[in-house]
Amino acid sequence: MIVEPKIRGFICTTSHPDGCAKHVADQIAVVKERGPIENGPKRVLVIGSSTGYGLSSRIAAAFGCGASTIGVFFEKEGSERRTGTAGWYNSAAFEKEAKDAGLYARSFNGDAYSDEMKATVIEAIKADLGQVDCVVYSLASPRRNHPRNGETYKSVLKPIGQTYTNKNLNTTTQVVDEVTIEPANQDEIDQTIAVMGGEDWEMWMDALKDAGVLAEGVKTVAYSYIGPEVTWPIYTNGTIGAAKEDLEKSQRALDEKLADLGGKAWVSVNKALVTQASSAIPVVPLYISLLYKVMKAKGTHEDTIEQMDRLFRDRLYGKADPQPDEAGRIRVDDWEMTDDVQAAVDKVWNEVNTENLKELADVEGYESSFLRLFGFGLEGVDYSADTDPATPVPSLESAD
Ligand code: NAD
C-alpha cells in the first residue's frame, strides 16, 4: 500500500510503518550518540510507551541504559486495507531494534487503566524479569473506564472559574484567530482529575508493590507541564492543571509508600512539544510554534528524545542531584522557562497575527514535527514505495 497523510483537524488518520520505524531509529541514534547512561536502571516498565514522551522514555531506558523494557499502550493494529496507529508501528520498530541490539522488549496492547492489564503485566514481570527498577507513567487519554466503580470518565480541556479568550492557531488553515472557552463545571473538573490525575498511577504502583515486583531503590516518574502565563488559564489553572495537581499529590503519597523499599516517586515537568496529546489543546500549538522559533534560534530546542535522555542521564540517574524545584519536581522544562526565552515568546505572542505568522513562528517546524509523529516527512523513507500496513509488533504476535 502507498500511504499518504490524511489530516483531520489535530489528528492524522493514517500513519506510515516505515516512516514510524525511521522516527524510532532517529531517536535511538540521538541516545546512542550521547553514549551509555551510567548507573541507569536495567528493568523498566513504561506505561504509555508507544508515542510522545513515553516512547522516548522507553528508548532512553533501552538504548541509553541498556535496560530490558516492558511497554504498555493502547494502539490499533493495521490490516491489508487500513493503516494501524503510529504507536503500533513505533512499538513494532522499537522491538525490532531492541532485539537487534540484544535487548529484551515486550509489549502489551490494551487498557492500562484496567485491573486485568495490571495483572497481566505483573505476571510478565515475574516470569521474565523478576522485578523492575523503574516505572515510567506517561499516559495521556481522553477517557478512563474506572476499574472499580464501572464509571467512564471523560477529560476536558477547559478553564476553571472564568471564560478564557486568547489567540489560537488553526493548524489546518494557518489562520491566527481567537478562541473562547467557557469554564468547566465541577463534574467536568472531577472527571478530568479521574482520567489524568494520579489515582491510576497509584493503583499501578500499589499493585506492583503488593505483587513484590518492585526492586529495592525503585524509582517511578510521571510527567507534568506548567508553561507560561498565557496558557495558565487553559492549562495550569484549568482542568488539566487540576489533574496534574492531583498527580503531584499521588507523587507524595507514593514517596511514603515506597519508603520501605528505599524507593522514590518523581513528577518531571517537561517541555511543551508537539505530540498527539498536546496538539489537541487550544492555544498550545501557537505557543509551541513561537517557542520552537525562539529556542531553535538560541540552540536550546529539544524534542521528546533529548528531553527524556536528559531526564534519565542527568536527573533521575545522574551523578549530581535531580535538582528538584521548591515543590520537589524535576524540571526538564528549565530551558523553556528561562527568562530570556519567555520574554522573547511573550513579545511575539502580542505581535503575532495571520499575516506575520510565518515570520514570527516556526509553523514549518510545528507542521513537520506533527507529520513526523505519524511517520511522514522523514529523510531516507521512500514514500512512493509499497509498504506493509499489517506490520506486526513481534511480542504481541507471539502472544497470540
Ligand atoms: P501521547 O499522546 O504521545 O502518548 C500517550 C500514550 O498513552 C500512548 O502511548 C498511548 O497509547 C497511551 N495510552 C492512552 N490511553 C491508554 C490506555 N487506556 N491504556 C494504555 N495506554 C494508553 O502523549 P504525551 O504528550 O507523550 O503525554 C504523556 C504525558 O506527558 C502526559 O502526562 C502529558 O500530560 C505529559 N506532558 C506532555 C507534554 C507535551 O507538550 N506533549 C509536556 C509536558 C508533559
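Me: How many cavities of 30 Å³ or more does a search of the whole structure find?

Reply: This is a predicted model, in which local features need pLDDT of at least 70 and side-chain atom pairs count only at pLDDT 80 or more, while totals for chains, interfaces and linings use all residues. Residues are numbered from 1 along each chain as its sequence is written, and side-chain values use heavy atoms, without hydrogens or water. On a 1 Å grid over the protein atoms alone, a cavity is a set of points where a 1.4 Å probe fits but cannot get out; its lining residues have an atom within 4 Å of a point. Here the search finds two cavities of that size.

Me: Which residues lie closest to the centre of the largest cavity?

Reply: That cavity holds about 150 Å³ of space. Among its 15 lining residues, His-23, Gln-27, Gly-52, Thr-304 and Leu-373 are the closest to the centre.

Me: Which residues line the second largest cavity?

Reply: Its lining consists of Leu-169, Thr-171, Gln-174, Val-363, Tyr-366 and Glu-367, around about 40 Å³ of space.

Me: Which residues touch the most other members of the largest nonpolar core?

Reply: In soluble globular proteins, nonpolar side chains tend to be buried together. A nonpolar core is a set of buried Ala, Val, Leu, Ile, Met, Phe, Trp, Tyr and Cys residues joined through side-chain atoms within 4.5 Å, where buried means under 20% relative accessible area (1.4 Å probe, protein chains only). In this case the core has 104 residues, and Leu-45, Trp-204 and Leu-208 touch the most other members. A second, separate core has 13 residues, including Val-24 and Phe-94.

How values were computed:
On a 1 Å grid over the protein atoms alone, a cavity is a set of points where a 1.4 Å probe fits but cannot get out, and a pocket is an open set with protein on both sides within 12 Å along at least five of seven lines; lining residues have an atom within 4 Å of a point. Grid points are joined across faces, edges and corners, and a volume is the space filled by probe spheres set on the points. Buried means under 20% relative accessible area, exposed over 50%, partly exposed in between (1.4 Å probe, protein chains only).
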